[in-house]
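Let's learn to read a protein model together, one feature at a time.

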Amino acid sequence: MSTKKTQKVIGKTQKIVEKQSQESSNKEQKIKSKVNRLEQQPQERQNGIIYVGHLPYGFVEDGLKEYFTQFGDVLGVKIFRSKKTNRVQGYGFVKFADKEVAPIAAQAMNGYLMNGKKLVVNVLSDQHPDPFKYKHGNQKLHFINWSEKAVEESNKEKSNEQIVKEVERLLSNEEEKRQKLKELGINYTYQGFKELLKA
């Protein structure tokens, strides 16, 4: 083996060893950071947050806030919605200013029948992450009525090029149908788009 080849092999092995040592040090750092996070005691939450599940259709943020104000001051309401349709997914969270109010509201409303649905209401523990601090928690979603958009698109005025393309497509489809009828030996005449254009 020549000296150049041996140098290349030695260089490659050194790179591999360096890469492996770097990967192992990165893994160690990740493990340490996870251990540190787990060791940190969760801070006691100042506000009381309850989970509200099995929400009836149409029961949105304003209605939920208004309903739960009978128990105490409501700081915020978060209802989870579909990203595509912006429709309510059937569950949400209510944040009370006073922590002692949350268990009272949960106990009173758990199993409550509302619009044919039994509510499921629980108090969030301090270990559970605050849903009001989620990364995209305050993102406002807007409902898009796709059927309305489709109607608008089809009713929109067409340009001259679009009209010409549409007429050409209709004429070619009609010609294909006439050819198929001839091939099948069917002698059938009908007034088509050609005749309408001539008139």
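Q: Which strands does H2 lie across, and at what angle does H2 run to E2?

A: Good place to begin! This is a predicted model, where local features need pLDDT of at least 70, side-chain atom pairs count only at pLDDT 80 or more, and totals for chains, interfaces and linings use all residues. Residues are numbered from 1 along each chain as its sequence is written, and side-chain values use heavy atoms, with hydrogens and water left out. Helices (H or I, at least four residues) and strands (E, at least two) are DSSP runs numbered from the N terminus. Contact means heavy atoms within 4.5 Å. Axes are lines fitted to C-alpha atoms, for helices over the stretch in contact, and angles run from 0 to 180 degrees between N-to-C directions. Here, H2 lies across E1, E2 and E3, at about 140° to E2. Helix H3 (residues 101-109) lies across E1, E3 and E6, at about 160° to E6.

Q: What is the strand order in the open sheet?

A: Two strands pair if DSSP finds at least two bridges between them. In this open sheet of four strands, the order is E2-E3-E1-E6, with antiparallel pairing. On average, neighbouring strands are turned by 20° against each other, direction ignored.

Q: How many bridges join E1 to E6?

A: Four bridges join these antiparallel strands. As for a partner in E6, Ile 50 is bridged to Val 123.

Q: Is Lys 95 buried or exposed?

A: Relative accessible area tells us: buried means under 20%, exposed over 50%, and partly exposed in between (1.4 Å probe, protein chains only). Lys 95, found in strand E3 (residues 88-96), is buried because its relative accessible area is 14%. Leaving out residues up to four places away in sequence, Lys 95 touches residues including Asn 47, Asp 73, Asp 130 and Phe 132.

Q: Where is Val 60 found, and which residues does Val 60 touch?

A: Look in the loop between strand E1 (48-53) and helix H2 (61-68). Val 60 is partly exposed, at 31% relative accessible area. Beyond residues up to four places away in sequence, Val 60 touches Ile 79, Arg 81 and Val 88. Val 60 and Val 88 are 28 residues apart in sequence, with their C-alpha atoms 7.4 Å apart in space.

Q: Why does Tyr 188 count as exposed?

A: Tyr 188 counts as exposed because its relative accessibility is 51%. Tyr 188 is in the loop between helix H5 (160-183) and helix H6 (193-198).
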